[in-house]
Each structure stands twice: as C-alpha cells, then as structure tokens.
Amino acid sequence: MSWSWVLLLLVVAVAGLLRWRRTAWYWLTFGVTLASLRVLIRYASVMDACGLTVPPSRWRLALTRMANRPVPESRPPRILRLRPTRTGLVVRLKLRPGQDAFDVSAACDRLRHSFAMYGVTSRELRSGVVELRMTGYDVLKRVQMPAKVEREPMRVPVALREDGAVHYRDYRTVPHALTLGATKSGKSVYQRNLVTELAGQDVALVGIDCKQGVELFPLARRFSALADNPDTAADLLDALVQHMEGVYQLIRTEQRITADVPDAEIAADIFDLPDDLRPVPIVVLVDEVAELALFATKEEEKRRDRIITALARLAQLGRAAGIYLEICGQRFGSELGKGITMLRAQLTGRTAHRVNDESSANMAFGDIAPDAVLAAIQIPTDTPGIAVAGDSSGGWARIRTPHTTLRQAVNVCNRHADRTPDLPALAPFRPVLPNLTKVPAPAVEPAPATV
Ligand SMILES: Nc1ncnc2c1ncn2[C@@H]1O[C@H](COP(=O)(O)OP(=O)(O)OP(=O)(O)O)[C@@H](O)[C@H]1O
C-alpha cells in the first residue's frame, strides 16, 4: 500500500467537504473515498487473511539474512491501479509468481466480506494481471446507467452488470442473440431498450410480434417493416432472404479481387463496401418466437417449416449481409419441432430472464455456460428485468436493463422517425401510419411589459 494514495484520497475528501454542500455528489464522492481508504489501509492484512499472499522469494530471504534484518513478510499482489467509479472501485492487481486468476476469483466472496463491499468480482485482463470490480451497493436494485456510455455503430448499451459495468449489445461481434424468460420476467422491456438505443443509429428495424403487435406496433414510426401474425411473418422472412441474396450479389460485384487490390480492401461483408454503396444493416426483432413454430393443421405446418427455414438461413448467412436476429421467447427447445435446435445453435448471444424450470434455463445456457443455468433459476420473481447474459465463450454476468416505459420508447422512436430507412424489398410490410393531426396550440399573446 502506498501512503501517497492515502494522502491523495484525504485531500480529495477534504476538497469534497469544502467545495460541495450536502448534495448526492458530495455523498457519492465521500462514500467512494472512504471505500478507497478502507481498501488501501486494510489491503495487506485482508489479502493475507484471504490466502492471497506469497512467501518472500529466496533471494529476498538471503539478502535479509546477510543484512541481519527481520524476515520479510509474505507479499500480496501489487496494486497497479485503483480507480473509484460511481458504483464502487476498480482495482487492477499484478499477481505474484505462483498465483493465478482462479485464486483471486475463488476468494471474491471472502474479499467482499473483508472489505465490507456489496459485491466483488474478478476477471483476468492478461497473463498475470487481474481486475477486481467492487460495488458498494446493489446496483441492480434501481438501475441507473452511467452518464457517459460508449455508443458506436451497431454497438449499444443495453443494461447494467452487477459489477457496475455497462453491458453492451455488439452486433458486429455477436450477430444473433436469443432472449428467454418466463412470462412477466422482463423480456419486452429488454427488447424495448434495444429498440430505443438502436433508434438513433443508421439501422433498419424489422419487427415480428405475434402478440398481435402489442409490443412493437406502438414503435412503428421507427420500423421499416412489421408483421403481427405468422402468415405475414412468413412472407416478411422470405422477403428478407431475397434481400440478403441481393446484398450478397452486390458484395460479389464489389469484391474487386485483382492482383493490385490489397487484401484489406477485398470486401467480405457490407462494412467493407464503400459508404455510398453500403446497404443499411437490418436488425430483425422477433417477439414470442414459439408462436411462429406452433401449428395445428397441415397448412400451418407448411408455413411453420417455411418460417423456421428462412430464420435458419438468415442466422447462417445474414451477418455478412448486415442482417442480425434478436429472438425472444419463453422457451426455445426441441419440443418446438425440427430445425429449432439448429437455429438455436446459430444464436451466439444468450440472455435468460427468470425462468420457471431448469430445462428452460438449459435451452439458453446448457450448451455454452452450465454455471449460468443455476444463476438463471435463482433469479427471484420480485425483480423483473434481472437476467443472466452469457456468450459462447462460457462467460456470463447478471444484468438488468433500465426500466424504459412504452411511452418513453414511443417518444424516442417518434423523435427518430426520419431515420427509418425505406427498403424497397420490404415495402409491402412497411407499417401504414396515420398522419398526425396537428394539435391546435393556444396562441401566445405578447404580454405588455410592466414595470
Ligand atoms: N428492468 C426492469 N426494471 C424494473 N421493472 C421491470 C424491468 N423489466 C420489466 N419490469 C417490470 O416487469 C413487468 C413485465 O415486464 P415485461 O412485459 O417486459 O415481461 P415479459 O417477459 O415480456 O412478459 P410477457 O412474456 O408476459 O409479455 C413490466 O411491466 C415492468 O413493470
């Protein structure tokens, strides 16, 4: 522990006392400063008690013996950086020889109690360097996104993680995703958050909402195409597949594979195309996917096969053509018929809200992150919106979206209505919107200036 840190934090605390009065910011700074001090002062003893120290090396022992000095103490990992955040602290540690990231992650619960924090999680940044994220309170209780979040094309902040970090939905790295959850678990609010974040981007939104359109149709001004029943959905998906084939033809004609074109300039997906030729990316949101897969008659069975085949083709080939799938449902398993597990295997991003049984959680995580199955089952019923998000790398985290109401989402979509791209291939599915009648506003009469 370095005493210059302690001095610096004391100065910050005193400056906080002098400059700010009793505001939320004052208490936040004060709390974070106290937590930083607590961690720094107790660091060596806590690490020792949690078994995260290593005995002095042989050459240090030899040196102290030669100098006739007392035997040096065991040493904890070195603090590389301590960064206070709005929700707690982020500490970066350099591990000592013989320690590994698993030692730290196994000790997280002990560290949480010892430092009197609400939560402590760890992750390995690179070989020998581990980051500890400490939160001072339950950040998922009332989600408040940080004031500054990174927004990049096709990468949007969608929720807060339990370690205080922002959870992003990045379509360029994870093109397709599956969101599962029991009824009233928060799936629609999650999807609404995605729409409000994507609304401000250059992206076409396509919606299939078999709940008669109650979730997505209010946001119609920002949607390029919408379907509210399985028949329209089948036609819409066929049109999307045709659009995808057209985009592939465009990429092929623009690939320019000649000897003088450098490798990096050969177009492999729409983002390699020049700006003036690049088709707009499309995010396809499907709410209640099981409605598309259920059938009662022979005719409906044929339609179901058409839908699942089109979805599977989009999942397999859509990424390079800039078509991304966002599928939501209560269950998505083999009981929905053939082709479902193949489609599920293509959906890399997995999010599970509260589920009623283990088999539903298994549908999301059984094949990628078995630990996450238990975490998904343990989500309590009184906290809708809390979910477990994982990906094919086996990592997972508990997240919660901010509570965006339908009214807020409608307002955002209306504000960005002019960004809605007109896709000729999807023109028959463009929602027909009534012209907004102008609300007569009362004339503001200039009031005479009075003294
Ligand atoms: N992130 C959240 N924070 C706070 N409350 C939430 C959150 N997400 C959802 N809720 C609450 O839970 C209720 C149900 O959410 P939502 O409609 O999204 O569930 P659902 O899984 O789509 O349910 P269904 O499948 O029945 O449509 C919402 O009305 C809202 O009050």
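Which residues are buried in helix α11 (residues 358–365)?

## Helix α11

In helix α11, the buried residues are Ser 360, Ala 361, Met 363, Ala 364 and Phe 365. A residue counts as buried if 20 or more other C-beta atoms lie within 10 Å of its own, as exposed if 12 or fewer do, and as partly exposed in between, with C-beta atoms placed from the backbone. Helices (H or I, at least four residues) and strands (E, at least two) are DSSP runs, numbered from the N terminus.

The buried residues of α11 pack against β7 (177–180), β12 (349–352), α12 (370–377) and β13 (386–390). Contact here requires C-beta atoms, placed from the backbone, within 7 Å.

## The model

This is a predicted model, in which local features need pLDDT of at least 70 and side-chain atom pairs count only at pLDDT 80 or more, while totals for chains, interfaces and linings use all residues. Residues are numbered from 1 along each chain as its sequence is written.

All six residues of strand β10 (residues 282–287) are buried. Ile 282, Val 284 and Val 286 lie on one side, and Val 283, Leu 285 and Asp 287 on the other. In a regular strand, side chains alternate between the two faces of the sheet.

Strands pair if DSSP finds at least two bridges between them. Strand β8 (residues 204–209) pairs with β10 in the parallel sense over six bridges, and Ile 208 stands opposite Val 286. Strand β11 (residues 323–329) also runs parallel to β10, joined by five bridges, with Tyr 324 opposite Val 283.

## Nonpolar cores

A nonpolar core is a set of buried Ala, Val, Leu, Ile, Met, Phe, Trp, Tyr and Cys residues joined through C-beta atoms within 7 Å. The largest has 85 residues, of which Val 284, Leu 314 and Ala 376 touch the most other members. Helix α7 (residues 230–253) gives the most to this core, with nine residues. Another core, of 20 residues, lies apart from it and includes Val 91 and Ala 107.

Leaving aside neighbours within four places in sequence, Leu 314 is in contact with Leu 240, Val 241, Met 244, Val 284, Ile 323 and Leu 325.

## Met 47

Met 47 lies in helix α2 (residues 24–49). Met 47 is buried because 20 other C-beta atoms lie within 10 Å. Not counting residues up to four places away in sequence, Met 47 touches Leu 52, Thr 53 and Pro 76. Met 47 and Leu 111 are 64 residues apart in sequence and 7.9 Å apart in space, C-alpha to C-alpha.

Definitions and conventions:
Two residues are in contact if their C-beta atoms, placed from the backbone, lie within 7 Å.
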